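I would like to present one structure and describe how some of its parts are arranged. Please look at the sequence and the model as I begin.

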Amino acid sequence: MHQRSPLFTVDGAVIRELRMTAGVDTSDLAERAGISRRYLSHLENGTRSRMRPAAYARLRQALGAAENELLVSKE
């Protein structure tokens with residue numbers, strides 16, 4: 001049986017804040033992270049919140065974020 005990779009639940013507001021602080025537009029960040037601009041926009045506005053590990057790692061790297069910095073905090 002094929003098991004799916006675990007998904008990461010990200011905080012779109014944190015992604016947007018880091019992107020804006022870095023002075024990067026959505027198209028540029030999406031290209032750097034290897035995801036579509038539309039997908040990035042959906043993550044930032046909360047329409048989507050789950051990412052596969054590889055995409056999450058690329059987005060983290062593109063933003064220079066710490067390992068868990070983009071994840072939804074569990075309070």
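I start with two helices: the axes of helix H2, residues 26-33, and helix H4, residues 53-63, come within 8 Å and cross at roughly 125°. H2 is therefore oblique to H4, where angles under 35 degrees count as roughly parallel, over 145 as roughly antiparallel, 65 to 115 as roughly perpendicular and the rest as oblique. Axes here are lines fitted to C-alpha atoms, for helices over the stretch in contact, and angles run from 0 to 180 degrees between N-to-C directions. Helices (H or I, at least four residues) and strands (E, at least two) are DSSP runs, numbered from the N terminus.

A word on the basis of all this: the model is predicted, local features need pLDDT of at least 70, side-chain atom pairs count only at pLDDT 80 or more, and totals for chains, interfaces and linings use all residues. Residues are numbered from 1 along each chain as its sequence is written, and side-chain values use heavy atoms, with hydrogens and water left out.

Which residues make the contact of H2 with H4? From H2 they are Leu29, Arg32 and Ala33, and from H4 they are Arg58, Leu59, Ala62 and Leu63, contact meaning heavy atoms within 4.5 Å.

Of its 17 residues, Ile15, Ile35, Leu43, Met51 and Leu59 touch the most other members. H2, helix H3 (37-45) and H4 each give two or more residues to this core, and the largest share, 4 residues, comes from H4. Ile35 touches Ala30, Leu40, Leu43, Ala55 and Arg58, not counting residues up to four places away in sequence.

Next, consider Thr26, which lies in H2. Is Thr26 buried or exposed? Thr26 is buried, because its relative accessible area is 18%; buried means under 20%, exposed over 50% and partly exposed in between, with a 1.4 Å probe and protein chains only. Thr26 and Ser41 are 15 residues apart in sequence, and 7.1 Å apart in space from C-alpha to C-alpha.

Finally, Phe8 is found in strand E1, residues 8-9. Phe8 is partly exposed, with a relative accessible area of 27%. The C-alpha atoms of Phe8 and Ser49 are separated by 8.0 Å, although 41 residues apart along the chain.

Methods:
Core = buried A, V, L, I, M, F, W, Y, C linked by side-chain atoms within 4.5 Å.
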